[in-house]
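Hi everyone, thanks for coming. Please have a look at the sequence and structure on the screen, and then I'll walk you through a few parts of it.

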Amino acid sequence: MKSVLPSTIALSRRQLLRGAGALAVAALAIPADPRLAFGAVNFIDYPFQLGVASGEPWPDGFVIWTRLAPRPLEPGHGMSGDIVPVDWEVAEDRLFRKVAVKGTALAHPELGHAVHVEVAGLLPGRPYWYRFRCGDHRSMQGRAVTAPAAGAPLAKLRFAIAGCQNYDQGLYTAFDHLAREEVDFVYHYGDYIYEGLSRPFYFSRYLDDVVPSPRRTDLPDPYSVDEYRMRYARYKLDTDLQKAHAAAPWIAVWDDHEIVDNWVSDFNWDNTPPDIFRLRRAAAAQAYYEHLPFRRSSLPDGARMQLFRKFSFGDLVDMHVLDTRQYRSDQPCRDGFRPACPDVDNPNLTVLGEAQEKWLFDGLAGGKARFNLLAQQVMLMPCDREPGEANIRNLDSWDPYRVARARLLRHIQGNNIRNTVVLTGDEHQNIVGNVIFDDKDPNSPVVATEFVVTSISSGGDGGSERPNAKGMLAENPHIKLINDQRGYGLCEVTQKHLSMDLKVLDQVMTPGGKLSSRAKFAVDPNKPGVQKG
């Protein structure tokens with residue numbers, strides 16, 4: 001009898017089918033394939049070390065995910081080149097007494113033995129529980145929630161916003177707290193991993209000094225698929241992150257560090273030729289897909305990955321998830337934090353690209369929900385970063401794309417879309433304010449509200465505010481809060497208001513961080529702009 005995996009005990013196909021149950025029934029329906037590992041079902045090393053996840057909630061289902069990786073930090077992740085059947089089931093109760101649907105998925109080696117099951121046929125607006133089994137091993141169970149039927153009356157929606165989780169700069173204590181929140185979904189705005197080499201120290205903007213790293217990935221800067229896979233594996237072995245994935249479905253989109261710092265389109269900060277950079281993008285995109293609960297429609301085609309999409313939650317929320325990296329023009333004015341140059345008024349520069357922008361404009365104009373959410377990555381509000389005459393901008397935000405931003409804001413204002421709320425990350429701070437046309441004009445109209453939600457760990461412990469925060473607030477009166485602690489946002493939407501509770505931790509460099517509410521804000525669906533909650 002041939003052993004098909006180095007870390008498995010093989011069974012014959014006859015023995016497998018004789019075992020009866022769901023796996024045997026499903027196996028009969030699987031077409032014959034010489035690569036199909038019918039016997040590879042009993043692992044010496046536990047195959048579900050990277051946990052489980054759900055995502056992409058729609059009214060009759062969601063995606064459930066896992067990845068077989070008995071040795072996740074080794075090349076080949078402890079698996080051979082065989083296709084492995086994996087059983088799954090979704091139940092209406094935590095104890096799995098009432099199974100709603102079940103089946104068998106195939107874990108393909110081309111996708112790192114990841115499994116993405118698009119579950120359908122479920123009831124809208126309710127929780128379900130799911131788990132996987134391969135041989136004698138069963139995964140941890142997860143909780144998923146279907147979306148309410150689009151347009152159906154909905155009293156309340158509750159979700160979390162999180163992202164920027166640099167493994168080397170802090171513990172994932174925030175995810176431990178988030179997992180207890182009983183939310184309908186989590187919006188992850190990006191920077192799921194960070195590329196680069198681990199260093200014993202990093203620069204803290206809060207302290208304006210270098211501080212020791214609390215832990216390290218100790219992996220090479222990723223360029224190949226296997227190197228990106230190991231980077232994701234290191235992150236996903238964190239038990240707090242696993243708990244947050246198992247607690248609720250995620251709606252995820254990338255920012256820059258899933259590939260490399262400040263990339264846009266085919267441009268990289270170190271001027272790598274575009275055709276060469278696309279090879280790294282392709283490897284990173286594949287590993288990103290392999291480790292998040294995406295639909296098959298997001299399966300990468302080379303370096304390209306379909307990530308902008310819309311989710312509807314009853315009559316309360318239309319959520320447009322934007323991709324502000326893949327279609328954006330190269331940053332003008334040499335990127336970084338520096339004075340704006342004349343190129344910021346270049347009408348040919350784009351953030352969303354023509355197709356995504358048209359899709360968004362059509363969706364906003366035709367929307368009927370109580371609130372329109374723009375779930376995206378980089379700050380939309382204009383912001384002068386230093387007091388005084390110097391006009392310092394973050395050139396990796398919407399600020400240097402002034403014509404593109406004005407086009408979006410005119411569309412919102414011109415169509416009387418008074419209920420737009422922007423959900424953003426990237427800054428490693430909580431920044432709350434009003435989206436206006438011109439920050440130098442005190443009479444500039446308020447068009448939307450923006451909540452920039454702080455990081456899970458990037459930036460370390462932080463504190464109340466960075467040294468330049470008071471100057472930024474004085475220079476930008478449309479901004480109402482700047483805070484430099486780690487945490488996440490907790491959003492609750494009703495027919496009367498959208499409220500945001502910014503949850504922060506007193507520490508992430510050491511275990512035991514205590515959670516508190518830093519500030520609460522509210523938005524009226526009939527009046528743009530932020531109010532104290």
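Let's begin with strand S19 (residues 371-375), which pairs with S21 in the parallel sense over four bridges. Two strands count as a pair here if DSSP finds at least two bridges between them. Strands are DSSP runs of E with at least two residues, helices are runs of H or I with at least four, and both are numbered from the N terminus. In this pairing, Leu-374 sits opposite Val-422 of S21.

A quick word on where this comes from: this is a predicted model, so local features need pLDDT of at least 70, side-chain atom pairs count only at pLDDT 80 or more, and totals for chains, interfaces and linings use all residues. Residues are numbered from 1 along each chain as its sequence is written, and side-chain values use heavy atoms, with hydrogens and water left out.

Back to S21. Strand S23 (residues 446-452) runs parallel to S21, and four bridges join them. There, Leu-423 stands opposite Phe-451 of S23.

How many of the residues in S21 (residues 420-424) are buried? Five of its five, where buried means under 20% relative accessible area, exposed over 50%, and partly exposed in between, with a 1.4 Å probe and protein chains only. On one side those are Thr-420, Val-422 and Thr-424, and on the other Val-421 and Leu-423, so both faces are covered.

Next, the cysteines. The structure holds one disulfide, meaning a pair of cysteine sulfur atoms within 2.5 Å. Cys-333 and Cys-341 form this link, with 2.0 Å from S to S. The link is left-handed, at -85° about the S-S bond. Cys-333 counts as buried because its relative accessibility is 10%, whereas Cys-341, at 21%, counts as partly exposed. Cys-491 is in no disulfide: the nearest cysteine sulfur, that of Cys-164, is 18 Å away. Cys-491 is also buried, at 1% relative accessible area.

Last stop: the cavity. On a 1 Å grid over the protein atoms alone, a cavity is a set of points where a 1.4 Å probe fits but cannot get out, and lining residues have an atom within 4 Å of a point. The count is one cavity of 30 Å³ or more, and the largest cavity has a volume of about 50 Å³. Volume here is the space filled by probe spheres set on the points, which are joined across faces, edges and corners. Which helix gives the most to the lining? That is H4 (residues 225-236), with three residues. Among the lining residues are Arg-67, His-77 and Asp-226.

Terms used: On a 1 Å grid over the protein atoms alone, a cavity is a set of points where a 1.4 Å probe fits but cannot get out, and a pocket is an open set with protein on both sides within 12 Å along at least five of seven lines; lining residues have an atom within 4 Å of a point.
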